[in-house]
Amino acid sequence: MSGNRLWALRPPEQCYHRFRIPPMTRIASRVSQLNGEGALAVYSRAKELERLGRSIIHLELGEPDFHPAAPIVDAVRAAVAAGRDRYCATRGLPALREAIAGYLKRTRRLDVAAEQVLVAPGCKMALSLAMMALIEPGDEVLYPDPGFPIYPSFTRGLGAKAVPFLLQEENRFQPDLEEISRKITPRTSMIIYNSPNNPTGTVFALRALERIAELAGKHDLWVVSDEIYARILFGGEYKSIWALPGMAERTVIIDGFSKSFAMTGWRLGYAIAPVPLIDAMDLLVLNTFTCAAEFTQVAAIEALRDTAGAVDAMVEEYRKRRELFVAGLNRIPGFRCQAPQGAFYAWVNIQDTGLSAEEVQAILLEEGGVAGIAGAAFGPGGKNYLRFSLASARNLLEDALERTQRVSMHWRAAVSR
Ligand SMILES: Cc1ncc(COP(=O)(O)O)c(C=O)c1O
């Protein structure tokens, strides 16, 4: 089978960089430490197939299919019309920083002062500022595998060592605190995680957060808690490690508007951190992008008010999609999927198909017209998995299930053996 052209999809690290760097061009070596995102490689191939006239259901990107609620769009129009398009405060508009502190109090019961908020163009930018401000070359940084691929990539780019800790199915994708404890060395300076987790959908248990906090205190570590999916929760109340005793001094929360408010392209995120760290990050802002756009910040204040109840409505729709899609995936021979506790991804174990995740990904895309991502894009721990995004309407998800059933003939024989 491996000679079949279907399997010709190149691995993400080869696909991502479209431009070849001429041999004589001197590029700083840190760039060679970075990797791309697998989702974008699959997306490019899916788009190519669409250009050839194929029908593709896009379940590869983590981009909501919703758009921002009408009051947010009205607010950005009004802000531009009112001339709110100037350079502005490097750490973000004071009114937005206040509004973010109030929002975190309302939705996450966190005590955060406006001075502890820094606004950036996107969560990724807030994350990279925090990492630039805190990580020294030679440090070790613990991160989840599978997890958001930017954590190890940017860690390496800063000359530090990225040390994975596993999120395993037999542990319901919760972190193993014994493993984390074992992997802490005198060089460890930070633990980064994301809960609800992309790609597994796991919400870290309070007990796990308490143990991470204990270890951080004992070994004097920073904790970066990426809470970008905190509002997309299918049960219970979100618990942030920031609220645990002593943790507000050593935690950075990363969050933003891309997922909760469906504002991906607006590029707006923020970091919550102790004031000395906010000061350091502010200097980095001044030396790089100067400020996030003023008019998007004005509209973000409106987003946080959420007068239309858009966030709850969106989460309700994700819940329906989750129920439909996870049940359907579990009926496909060779597939096994736990319901995500949060975020909008289905993380499917495909080991019983007898094929590699890359092979299943290629069959689904090239024959079935369904774009999902082989889990290795999220680290070696994702080797036997595929990630599908729930950011598509229910009728499309139903269609994707039907198509997947149809092409599952490729591996059914292996499943029945
Ligand atoms: C875990 C995680 N963190 C950060 C981001 C990036 O967010 P933003 O679009 O705000 O930069 C994503 C986007 O997929 C994500 O999944």
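Just after helix α6 (residues 150–157), Gly159 takes a positive phi of about 80°. The model is predicted; local features require pLDDT of at least 70, side-chain atom pairs count only at pLDDT 80 or more, and totals for chains, interfaces and linings use all residues. Residues are numbered from 1 along each chain as its sequence is written, and side-chain values use heavy atoms, with hydrogens and water left out. Helices (H or I, at least four residues) and strands (E, at least two) are DSSP runs, numbered from the N terminus.

Nine of its twelve residues are buried, so α12 is largely enclosed by the rest of the structure. The buried residues are Ala357, Val360, Gln361, Ala362, Ile363, Leu364, Leu365, Glu366 and Gly368.

Seven strands form an open sheet with mixed pairing, in the order β2-β8-β7-β6-β5-β3-β4. Two strands pair if DSSP finds at least two bridges between them. Strands β2 (117–120) and β4 (161–166) stand at the edges with a single partner strand each, so one side of each lacks a neighbour in the sheet. On average, neighbouring strands are turned by 20° against each other, direction ignored.

Strand β5 (188–194) is mostly covered, with seven of its seven residues buried. It pairs with β3 (residues 140–145) in the parallel sense over three bridges. Val141 stands opposite Met190 in β5. The pairing of β5 with β6 is also parallel, over five bridges. Here Ile192 stands opposite Val224 in β6. The chain passes from β5 through helix α8 (residues 206–219) to β6 in a right-handed β-α-β crossover. Right-handed means that, with the strands pointing away from the viewer, the path from the first strand over the helix to the second runs clockwise. Strand β6 (residues 222–226) in turn pairs in the parallel sense with β7 (residues 251–256), over four bridges. The bridge partner of Val224 in β7 is Val252.

Helix α5 (residues 123–134) lies across β2, β5, β6, β7 and β8 (269–272), and runs at about 160° to β7. Axes are lines fitted to C-alpha atoms, for helices over the stretch in contact; angles run from 0 to 180 degrees between N-to-C directions. The axes of α5 and helix α9 (residues 275–287) come within 9 Å and cross at roughly 110°. The two helices are therefore roughly perpendicular (65 to 115 degrees; under 35 is roughly parallel, over 145 roughly antiparallel, the rest oblique). From α5, Ala126, Leu129, Ala130, Met132, Ala133 and Leu134 meet Leu277, Ala280, Met281, Leu284 and Val285 in α9. This contact has eleven nonpolar, no polar and no charged residues. Nonpolar covers Ala, Val, Leu, Ile, Met, Phe, Trp, Tyr, Cys and Pro; charged covers Asp, Glu, Lys and Arg; the others, Gly among them, are polar.

Arg187 is found in the loop between α7 (177–183) and β5. Not counting residues up to four places away in sequence, Arg187 touches Gly138, Asp139 and Glu140.

Technical notes:
Contact = heavy atoms within 4.5 Å. Buried < 20%, exposed > 50% of the residue type's maximum accessible area, 1.4 Å probe, protein only.
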